[in-house]
Amino acid sequence: MNAGTLVPPLAGRVLRARTPSAGPHLICRVVLVEHEGRYALIDTGFGEEDLRAPRERLGGSFLWMAGPKLQQDELVTHKLYDLGIETERIEAVYFTHLDLDHTGGLPAFGEAKAIAHEAEIHAAFQGQSRKETLRYRRDLHLAQHPRPWGSFPTFDETWFGLPAAPLQLLPEGDAFVLDLPGHSAGHCGFALREEGRWTVFVGDACLEIDEFTRPDASTPLGVRLHHLGADHNRQRARETRAALHRAFVRAPSGTRWWTSHDPREALSP
Ligand SMILES: [Zn+2]
């Protein structure tokens, strides 16, 4: 589901991500997981509160750099309503990481357990640097959640070479959280298997799919600037992108790959 369109300045010149109908733009992908009538989300995109007070909640520089459209009909709550799923039925919200464009919709899911990487929760709630304070805006976004936050188990398994931990989200062996550090202190991805086919959600480890499908291709200026400005640890972020390329090649043919913001999907060869 797309829970928010982003049109960064000069998008047409700096991004490869484009769809024939909509032109160059980015999306905020949210994944809905259903198993035996129980529901969970991965990330939330923006929320109602962001639409009401964008400057206060997201900040002027984020609004300028990311160019979010902030449309009511794109909110995850709206998408769930269209699917006939009440927000109270979302039992858990898993996060790739806790940036504003991934957590803004959380207030609509006060009943749900919010779960992220321990290092991410620590950076978001206890980080003292100016960058961390601006990045997470914890008082407005994260600290409002009425239930205690949960964290992922330790990553002592692997999924096609990527450090992984099993999740109870789907039948045993069908759901893993992947340790994909670099973009933020505890950035993660998810591998989910449905009817024998894997889908991998790499979050913001890569902005565009080309970064792991064609790592030798030259990277557009906008993508380079994004990593320069947003990555928490550039070296680890580069290592994660290289590991994603290896996993992309090793994974079963037809494995589907998504990033948070690229409207396109990639398929393993
Ligand atoms: Zn993002």
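Author: Let us begin with burial. A residue is buried if 20 or more other C-beta atoms lie within 10 Å of its own, exposed if 12 or fewer, and partly exposed in between, with C-beta atoms placed from the backbone. In the protein chain, 44% of the 269 residues count as buried. This is a predicted model, in which local features need pLDDT of at least 70 and side-chain atom pairs count only at pLDDT 80 or more, while totals for chains, interfaces and linings use all residues. Residues are numbered from 1 along each chain as its sequence is written.

Reader: What radius of gyration does the protein chain have, and what would a compact globule have?

Author: The radius of gyration is taken over C-alpha atoms, and the globule rule is 2.2 Å times the number of residues to the power 0.38. For 269 residues the rule gives a value near 18 Å, and the 17 Å of the protein chain agrees with a compact globule. The C-alpha trace spans about 45 × 45 × 40 Å along its principal axes.

Reader: Which residues have the most contacts inside the largest nonpolar core?

Author: A nonpolar core is a set of buried Ala, Val, Leu, Ile, Met, Phe, Trp, Tyr and Cys residues joined through C-beta atoms within 7 Å. The largest one has 65 residues, and those with the most contacts inside it are V93, F176, V177, L178, F190, V202 and L244. Two residues are in contact if their C-beta atoms, placed from the backbone, lie within 7 Å. Leaving aside neighbours within four places in sequence, V93 is in contact with L41, T44, L106, F109, A112 and A114.

Reader: How many helices and strands does the protein chain have?

Author: Helices (H or I, at least four residues) and strands (E, at least two) are DSSP runs, numbered from the N terminus. The protein chain has 11 helices and 16 strands.

Reader: In what order do the strands of the open sheet lie?

Author: Strands of a sheet pair through backbone hydrogen bonds, either parallel or antiparallel. Two strands pair if DSSP finds at least two bridges between them. Here seven strands form an open sheet in the order 10-11-12-13-14-15-16, with mixed pairing. Its edge strands, strand 10 (157–159) and strand 16 (266–267), each pair on one side only. Strand 15 (residues 256–258) and strand 16 run antiparallel and are joined by two bridges; W257 has A266 as its bridge partner in strand 16.

Elsewhere, strand 1 (residues 2–6) and strand 4 run antiparallel, joined by three bridges, and N2 stands opposite R29 in strand 4. From strand 4 (residues 26–29), L26 and C28 point one way and I27 and R29 the other way, and all are buried.

Reader: Which residues of helix 5 are buried, and why do they line one face?

Author: An α-helix has 3.6 residues a turn, so residues three or four places apart point the same way. In helix 5 (residues 76–83), the buried residues are V76, T77 and L80. Seen down the axis of helix 5, they fall within an arc of 100 degrees, so they line one face of the helix. The arc is that of the directions from the helix axis to the C-beta atoms. These buried residues pack against strand 1, strand 6 (38–42) and helix 2 (48–52).

Reader: Is E195 buried or exposed?

Author: E195 counts as exposed because it has 5 C-beta neighbours inside 10 Å. Although E195 is not a glycine, it has a positive phi of about 50 degrees. R137, by contrast, counts as buried, with 22 C-beta neighbours inside 10 Å.
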